[in-house]
Amino acid sequence: MAEATLLSDLGTQIIIPICALVGIVFALVQWMLVAKVKISTGKSNSADGNNGFTEALIEEEEGISEHSVIRKCADIQAAISEGSTSFLFTMYQYVGIFMVAFALLIFLFLGSVKGFSTSHQPCAYDSTKMCKPALATAVFSTVAFLLGAVTSVISGFLGMKIATYANARTTLEARKGVGKAFIVAFRSGAVMGFLLAANGLLVLFITINLFKLYYGDDWEGLFEAITGYGLGGSSMALFGRVGGGIYTKAADVGADLVGKVEQNIPEDDPRNPAVIADNVGDNVGDIAGMGSDLFGSYAEASCAALVVASISSFGINHNFTAMLFPLLVSSVGILVCLLTTLFATDFFEVKAVNEIEPALKKQLIISTILMTAGIAFVSWIALPSSFTIFNFGVQKEVQSWQLFLCVAVGLWAGLIIGFVTEYYTSNAYSPVQDVADSCRTGAATNVIFGLALGYKSVIIPIFAIAISIFVSFSFAAMYGIAVAALGMLSTIATGLAIDAYGPISDNAGGIAEMARMSHTIRERTDALDAAGNTTAAIGKGFAIGSAALVSLALFGAFVSRADITTVDVLTPKVFIGLIVGAMLPYWFSAMTMKSVGKAALKMVEEVRRQFNTIVGIMDGSGKPDYATCVKISTDASIKEMIPPGALVMLTPLIVGIFFGVETLSGVLAGSLVSGVQIAISASNTGGAWDNAKKYIEAGASEHARSLGPKGSDPHKAAVIGDTIGDPLKDTSGPSLNILIKLMAVESLVFAPFFAAHGGLLFKIF
């Protein structure tokens with residue numbers, strides 16, 4: 001039955017690592033190009049006569065001495081970098097303790113399935129064959145968990161380092177024009193995107209090959225152990241997202257409420273004591289958190305696909321190339337994104353402000369079109385023309401073109417979700433302009449309009465997700481859904497580049513304001529930042545859409561592994577799980593929102609105290625105490641990230657042990673269904689409020705000017721809406737997609753234990 005693929009196993013072993021290495025090399029090249037912008041005050045321009053000349057012209061026009069500006073930018077950048085690094089190190093210490101404790105739990109739970117015996121056992125899906133002992137799965141799952149966790153942490157940390165390296169460089173390039181600044185910000189984002197995509201792929205590939213040395217032909221056990229990799233990636237992402245989200249929003253809300261509303265000073269004004277903490281927050285929340293989050297999605301989608309494939313004909317017939325189809329899709333994705341990136345940085349140049357957003361949108365469209373061809377090619381060389389896929393106990397016959405459609409449907413659904421998100425959050429379209437217009441009558445109408453926009457923005461993405469689920473499940477069962485999620489994430493390098501571009505531009509604007517650079521430069525960085533806001537919303541849309549597909553695929557793998565044939569909603573065991581699961585995203589959001597509120601309260605009090613007690617802050621003769629504000633944010637976020645984290649990590653364990661796999665399947669389904677809706681509406685509401693405020697501030701149209709200028713009543717109403725939206729779009733919304741995925745992948749890893757020993761309460765009664 002086993003039909004050969006066009007690509008040999010050796011070819012697969014060569015192609016995957018080469019693509020990953022190409023990605024890493026490309027990232028390093030981009031890094032070197034960014035590093036060419038010097039921040040030292042040496043006369044580095046003299047080498048290039050023409051360059052030195054144009055810069056001198058700009059200086060004379062603005063009458064600012066070159067050295068003092070560069071020195072100020074360098075100092076501010078150092079402060080932001082130091083704050084970000086110290087926060088992440090503090091967080092990783094706490095998370096490290098958790099990591100070791102949880103690794104032990106995995107080992108104990110999975111080892112105890114067969115009482116820590118070292119003898120071989122019948123395979124879970126084919127009892128005629130013998131598989132490696134359960135103890136081996138326990139050891140290797142633990143190793144995979146630690147590998148995933150470390151890769152996730154490194155991904156987030158590298159992203160943050162690159163962002164803090166590039167922010168001041170973007171500001172300095174903005175003196176030469178908006179196009180130059182755009183290229184620096186975008187290249188830096190690309191460094192992060194490619195490093196993350198390539199590292200995730202390479203580590204997973206190496207792990208599979210090393211585990212194979214022990215497992216040999218027992219692929220079922222091998223890929224079951226690999227699921228730990230996804231769990232490690234996502235559990236770190238949870239703390240990164242929640243901790244970083246609380247940090248960034250406590251600082252942001254504190255800085256906005258006292259600085260803008262009470263003291264009437266502009267955003268990022270150096271007189272505001274919370275301003276450094278606010279800029280640090282952009283890096284630890286939006287960059288490190290987002291990086292870990294998308295890495296987690298990628299790892300889990302790959303794991304879900306591999307688990308289902310290992311019990312399908314690929315795994316049974318030991319067809320290595322077809323087995324690694326998910327990794328081959330990601331490998332081609334790296335090459336496609338590399339080509340796409342060159343369109344933004346080398347083939348076309350951004351010359352004017354109004355070209356920024358189209359350039360970023362083109363990235364999404366180009367990568368999607370090229371990737372469709374890439375997927376078709378991979379499906380042609382890496383899949384047998386027909387094969388079978390495990391579908392709840394039966395093998396379903398599938399053709400290779402059907403699998404191609406599954407991946408493509410996920411890819412295009414991602415694009416649709418991205419564009420719908422953009423329509424609802426960009427101030428170029430009517431939804432955000434309506435929200436801005438509602439500020440005429442005060443903050444209350446702004447809030448009402450914003451909430452309505454968020455709820456409405458859920459409709460099309462949900463239909464896109466529903467259609468892709470239906471198509472991919474009809475063609476290739478749960479495997480189809482897993483590869484659809486991978487399709488959505490196949491252009492992750494471009495998605496992350498666009499996403500990281502936002503916070504980098506935001507920081508660049510902050511540095512321009514703090515270094516007291518001229519109005520024109522601030523206008524340029526604002527234009528970069530407004531486009532960045534929209535792209536960040538698109539990135540969140542992608543993350544939420546892929547999380548929905550990933551967790552459904554993991555849910556399917558869990559149901560198969562726990563040996564449940566059907567999940568029947570009418571049985572009370574399942575229904576109570578369903579209704580409790582649907583409640584969890586609300587509980588989780590309540591925790592994260594309240595944490596932001598509590599931390600922001602401390603921040604507001606501290607900023608007020610400094611304005612009232614430090615002499616000469618407002619006239620610039622006294623210096624605010626930035627360090628105290630940074631410390632407030634750090635302490636609050638470390639303390640407050642633990643309860644929401646515990647809720648997500650402990651729920652599957654408690655439900656699985658006490659109520660059993662059927663109730664747990666209900667909890668997973670419930671949390672998936674309600675979590676996706678809240679996540680989309682929360683991030684879009686917050687994004688719309690933020691851009692409504694930016695729309696009024698920019699005053700680019702007649703309508704916007706009638707609402708402005710800064711400090712007018714409609715503007716103050718818009719600032720209040722933006723402040724309410726901050727925790728929604730940067731803490732609760734993006735963390736929810738991790739809640740959905742993490743509970744599913746954790747249930748899958750612990751499935752053997754729950755199936756053997758779970759449901760204690762129902763056994764007693």
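Modeller: Before going on, a word about what you're looking at. This is a predicted model, where local features need pLDDT of at least 70 and side-chain atom pairs count only at pLDDT 80 or more, while totals for chains, interfaces and linings use all residues. Residues are numbered from 1 along each chain as its sequence is written, and side-chain values use heavy atoms, with hydrogens and water left out.

By salt bridge I mean a side-chain nitrogen of Lys or Arg within 4 Å of a carboxyl oxygen of Asp or Glu. The structure holds 30 of them. Back at our pair, Glu173 counts as buried, at 9% relative accessibility, whereas Lys176 is partly exposed at 30%. Here buried is under 20% relative accessible area, exposed is over 50%, and partly exposed lies in between (1.4 Å probe, protein chains only).

Next, have a look at Asp346 and Arg187, whose side chains meet at 3.5 Å, N to O. Asp346 sits in helix α10 (residues 325–347) and Arg187 in helix α5, so this pair ties together parts that are 159 residues apart in sequence. (Helices are DSSP runs of H or I, at least four residues, numbered from the N terminus.) Asp346 is partly exposed, with 45% relative accessible area, while Arg187 is buried at 12%.

Now move to Asp722 and Lys693, where the closest N and O atoms are 2.9 Å apart. Asp722 belongs to helix α22 (residues 713–757) and Lys693 to helix α20 (residues 642–698), so the link ties together parts 29 residues apart in sequence. Both ends are buried here: Asp722 has a relative accessible area of 2%, and Lys693 comes in at 1%. These two also belong to one network of salt bridges that share partners, with Lys249, Asp252, Asp529, Lys540, Asp690 and Lys694 among its members. Asp726, Lys729 and Asp730 are in that network too.

One last thing for your bearings, and that's the nonpolar surroundings. A nonpolar core is a set of buried Ala, Val, Leu, Ile, Met, Phe, Trp, Tyr and Cys residues joined through side-chain atoms within 4.5 Å. The largest one has 233 residues, and Phe182, Phe325, Ile356 and Tyr479 touch the most other members. Helix α5 (residues 178–215) gives the most to this core, with 22 residues. A second, separate core has 18 residues, including Trp689, Tyr695, Ala718 and Leu728.

Methods: Helix = DSSP H or I, 4+ residues; strand = E, 2+ residues; numbered from the N terminus.
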